Amino acid sequence: MHCPEQYLKNNDMQRKDVENILNVYFKKMVWKSNEIVLDIGCGPGDITSDILYPLLKDKINQLVGVDKSIEMVEHAKKTYGCSKMDFKVLDIGNANDCSFYSNRFNKIFSFYCFHWVQNKVDSLRSMNLMLKSGGELLLNYLLITPLVELYKFMDTEWQKYIKDIKQISYVSYSKDDMREIITKAGFRIINLESSVKQYTFPDLSTVLNTLKAVDELYNYLPEHLHDRYAAHVKEKLFEAQMVKVCPITGNAIFMCVPITVHAIKD
């Protein structure tokens with residue numbers, strides 16, 4: 001997930017989901033003037049700039065987008081940076097770095113990022129630390145990470161590469177687990193919802209490209225194996241029953257389990 005251009009071409013699902021989530025939750029949040037807002041996992045910055053910022057610009061002093069990828073942050077800063085919106089490198093899993101922003105933000109947003117975070121317990125504590133008293137958190141991510149599930153189905157040939165990936169979390173938490181973890185991190189949960197969701201893509205190749213844009217395994221594979229691995233991913237998607245293709249329209253239906261949490265730091 002270090003190539004901004006590739007991600008930007010293949011994040012329609014994420015953009016649509018964020019728009020839908022904000023349509024529901026933004027009006028439920030309490031806003032004052034001149035707030036300072038954090039967006040964790042901003043990636044190349046398009047969602048921060050195109051979707052989140054227009055809702056915030058009249059309410060905030062500053063919006064800060066952070067990501068642990070230097071390439072993503074450089075792209076975001078160059079493309080979208082302005083007086084009210086800045087982008088910085090930050091790993092939410094690094095408690096020491098997060099402590100620099102202690103008691104700094106009125107709101108924290110995070111979309112399609114937290115499923116990659118390895119230490120969710122400490123990361124949520126850091127989010128709580130970075131929020132001011134009365135600050136709100138809106139967190140959306142995939143409760144079950146499709147790629148991690150897919151890796152379990154991969155043939156032995158690919159497992160030797162998969163074990164080298166250190167940047168993702170292989171630990172799964174249930175909805176009840178997350179409710180307990182978020183509460184123990186110091187938040188009062190206002191709303192937590194999760195259910196199986198179906199996303200419709202124009203065709204199977206769009207699903208494959210969406211997955212490829214976030215698949216770290218490509219960074220570990222020799223280039224001559226990329227096409228064969230892509231074919232294997234396609235095969236295993238059907239084997240794992242993660243995708244269905246309509247024989248009439250050609251549309252591909254991709255199944256995920258997102259979770260959305262709205263919480264407050266009292």
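Author: Axes are lines fitted to C-alpha atoms, for helices over the stretch in contact, and angles run from 0 to 180 degrees between N-to-C directions. Helices (H or I, at least four residues) and strands (E, at least two) are DSSP runs, numbered from the N terminus. This is a predicted model, in which local features need pLDDT of at least 70 and side-chain atom pairs count only at pLDDT 80 or more, while totals for chains, interfaces and linings use all residues. Residues are numbered from 1 along each chain as its sequence is written, and side-chain values use heavy atoms, with hydrogens and water left out.

Reader: At what angle do the axes of α6 and α9 cross, and which class does that give?

Author: Helix α6 covers residues 120-130 and helix α9 residues 175-184, and their axes come within 9 Å. The axes cross at roughly 40°. Angles under 35 degrees count as roughly parallel, over 145 as roughly antiparallel, 65 to 115 as roughly perpendicular and the rest as oblique. The class of α6 relative to α9 is therefore oblique.

Reader: Which residues of α6 and α9 make the contact?

Author: Contact means heavy atoms within 4.5 Å. On the α9 side, the contact is made by Met178, Ile181 and Ile182. On the α6 side, the residues are Lys120, Val121 and Leu124.

Reader: Over how many bridges does β4 pair with β5, and which residue stands opposite Ser110?

Author: Two strands pair if DSSP finds at least two bridges between them. Strand β5 (residues 131-144) pairs with β4 in the parallel sense over six bridges. The residue of β5 opposite Ser110 is Leu139.

Reader: Which residue of β4 is the bridge partner of Asp39?

Author: Strand β1 (residues 35-40) also pairs with β4 in the parallel sense, over four bridges. The bridge partner of Asp39 in β4 is Phe109.

Reader: How many residues of β4 are buried?

Author: Buried means under 20% relative accessible area, exposed over 50%, and partly exposed in between (1.4 Å probe, protein chains only). Strand β4 spans residues 105-111 and is mostly covered. The number of buried residues in β4 is seven of seven.

Reader: What is the relative accessible area of Gln241?

Author: Gln241 is found in the loop between α11 (226-239) and β8 (243-245). Gln241 is not a glycine, yet it has a positive phi of about 60°. Gln241 is exposed, with a relative accessible area of 63%.

Reader: How many residues of α3 are buried?

Author: Helix α3 (residues 46-56) is largely enclosed by the rest of the structure. Among its buried residues are Ile47, Ile51 and Tyr53. The count for α3 is eight of the 11 residues.
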